[in-house]
Amino acid sequence: MEPQPTRPALDTSSGATPGEALTFVDGVRRQIPYWATVTKRTWRGSVVSSFLSPLLYVVAMGVVLGGFVEGDPDRLEGATSYLAFVVPGLIAAHAMQTAVSETTYPVMGMIKWQRVYESMLATPLQVPQVVAAHLLFVTARLVVTCTVFTLVLAPFGVFESWWGPPLAVLSQVLVGVTFATLVYGFSARLRNEEGFGVLFRLGVFPLFLFSGAFFPVTNLGEAGAWAARLTPLWHGVNLSRMFALDHVTWWLAGVNVAVLVLLALVGWRWSVTGLQRRMVS
Amino acid sequence: MTPETATSAESMILARGLRKSFGPFEAVKGIDVEVRRGEAFGFLGPNGAGKSSTMRMVAAVSPVTGGTLRILGRDPATEGPAIRARLGVCPQEDTLDSELNVRDNLVIYGRYFGTARREAEQRADELLDFVQLTDKAGARVENLSGGMKRRLTIARSLVNRPDLLLLDEPTTGLDPQARHVLWDRLFRLKQAGVTLVLTTHYMDEAEQLCDRLVVMDKGLIVAEGSPLDLIRRHSTREVAELRFGLAEEGTGHDVLAEKVADLGDRVEALPDRLLVYSADGEEVVAKVHERGLRPVATLVRRSTLEDVFLRLTGRTLVD
């Protein structure tokens with residue numbers, strides 16, 4: 001259109017040497033600048049949703065509503081106040097929600113709206129590396145969210161030991177990662193976003209309410225309690241609470257960890273095969 | 001184009017009996033293609049001809065169903081990442097990241113190829129200059145016009161200094177100004193020795209850019225050659241277009257076609273006009289008048305690739 005008098009010629013000489021093998025770790029590492037830039041752009045907005053809403057929950061449920069609840073350690077799984085009981089469960093439930101929100105619309109957006117995955121997979125990057133980088137970003141968010149949340153609540157005197165809270169945070173991150181992998185696999189297969197509404201209403205919301213975050217699952221009766229213990233979130237809530245309250249039953253902690261790790265591994269396969277089928281056809 | 005490139009030939013793409021199926025649907029039904037270094041090669045065809053499926057296989061993102069395919073001498077089934085490291089891909093629909101600004105789209109994309117940060121930034125600035133977007137470096141992608149997005153996509157496809165550049169309908173949806181700017185950039189790349197492979201359904205684009213092309217229809221190659229070759233082989237030198245006032249003649253163009261059938265190599269009756277394919281269009285028009293026929297409008301023009309295309313792939317609409 002405009003005249004181009006003295007434009008320097010573009011260097012088109014061949015760049016990298018062909019045939020270099022791209023390792024898994026290297027493939028993931030090459031995406032760090034992308035996720036770092038996305039984080040830089042979005043962290044302000046996510047601060048609000050990450051910390052403010054659960055903080056409001058803690059105040060409303062833990063402090064105000066909890067004031068009506070008798071702090072009986074026998075009935076509150078070892079907690080001496082309802083606040084101490086609800087906080088570790090609430091952070092675990094919040095980890096689930098963060099994981100789900102990071103692996104639903106964002107994954108679908110990268111598949112079909114922005115088509116970022118398509119552009120990534122036109123490079124030497126491969127599907128497992130792309131999935132891993134995205135899930136690592138979600139994991140990093142979970143670590144930050146759960147850690148800051150724990151630090152904010154420490155002055156309330158809800159933690160019983162110095163070593164419990166870090167392990168509780170790890171538990172919360174673990175349950176978050178488990179949900180991230182499972183939901184990522186679901187999103188990778190989903191054709192349109194209406195499915196997310198069903199996931200939130202029939203999956204996430206009931207889990208949030210009935211997996212022991214707000215009351216001991218034994219309150220649900222024998223059958224209800226066992227049903228609750230079959231949900232992945234309960235394993236995270238229980239683990240998180242046992243560490244936070246320094247009230248650990250080690251064999252049960254082992255079961256909780258094993259279940260979550262196993263589900264996360266299943267979720268990882270499910271995610272990779274889902275994106276592979278979707279993008280490489 | 002030049003004899004040197006033809007003799008120092010090295011296959012950038014070599015396909016033999018290449019097939020692609022999606023379930024029971026056969027998108028590509030066995031095609032043979034060879035693209036040599038430095039060539040500008042085109043895939044032409046109507047929608048659904050199998051061009052994009054072929055391009056995706058060549059881009060090493062879609063597994064081959066049957067036949068053999070070698071890209072840069074390598075097998076995409078086993079060496080996908082190594083092949084993609086040497087390709088530039090400009091997809092049909094923009095896949096720019098609107099989370100990132102214009103320059104970051106290039107820098108971060110360069111990092112996927114393993115380019116160090118400093119080098120990726122330097123390359124990004126070079127490319128922004130090349131596609132005339134330097135003053136938009138900090139802009140959000142969503143604020144760019146269609147033509148600017150396309151230029152940015154082309155810039156992005158060059159971050160790794162590819163040996164082979166794949167362009168899937170590079171100018172679809174652009175206004176004429178934007179198309180010409182883009183053609184100019186692509187022409188410069190071609191002159192710089194980059195091998196271009198493009199799909200298009202714009203015949204003028206193919207004539208402008210392609211040294212050689214294939215016409216695809218329903219998953220098969222129906223013609224192959226240079227634009228001039230194809231015109232020579234599948235059409236006549238000129239076309240006389242005759243439009244009759246149908247009310248006066250009291251009949252349709254298809255009936256009139258019979259009256260002039262002997263005047264050209266081929267006569268095609270369209271609802272609004274007759275096309276008479278002949279070496280000498282003026283002579284056709286003169287003879288039509290001699291026979292007492294009175295077209296209300298006549299046009300004599302050279303055959304174009306579009307005539308070839310329509311002849312080979314038909315005039316039926318494909319959605």
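Which residues lie nearest the centre of the second largest pocket?

## The second largest pocket

In this predicted model, V38(A), T42(A), E102(A), F137(A) and R141(A) lie nearest the centre of the second largest pocket, out of the 27 residues that line it. The elements that give two or more residues to this lining are α2 (32–64), α3 (82–103), α4 and α6 (127–153) of chain A, and α2(A) gives the most, with twelve residues.

## The largest pocket

The volume of the largest pocket is about 730 Å³. Among its 29 lining residues, those closest to the centre are R115(A), E118(A), R56(B), V61(B) and P91(B). At least two lining residues each come from α4 (105–113), α5 (116–121) and α11 of chain A, and from α2 (51–58), β5 (87–90) and β6 (164–168) of chain B.

## A pair of helices

In chain A, the axes of helix α7 (residues 164–189) and helix α11 (residues 250–279) come within 7 Å and cross at roughly 25 degrees; α7(A) and α11(A) are therefore roughly parallel to each other (angles under 35 degrees count as such).

## Terms and basis

Helices (H or I, at least four residues) and strands (E, at least two) are DSSP runs, numbered from the N terminus. Axes are lines fitted to C-alpha atoms, for helices over the stretch in contact, with angles from 0 to 180 degrees between N-to-C directions. A pocket is an open set of points on a 1 Å grid over the protein atoms alone, where a 1.4 Å probe fits, with protein on both sides within 12 Å along at least five of seven lines, and lining residues have an atom within 4 Å of a point. Grid points are joined across faces, edges and corners, and a volume is the space filled by probe spheres set on the points.

Residues are numbered from 1 along each chain as its sequence is written, and chains are lettered from A and ligands numbered from 1 in the order in which they are written. Local features need pLDDT of at least 70 and side-chain atom pairs count only at pLDDT 80 or more, while totals for chains, interfaces and linings use all residues, and side-chain values use heavy atoms, with hydrogens and water left out.

Notes: Parallel < 35°, antiparallel > 145°, perpendicular 65-115°, else oblique.
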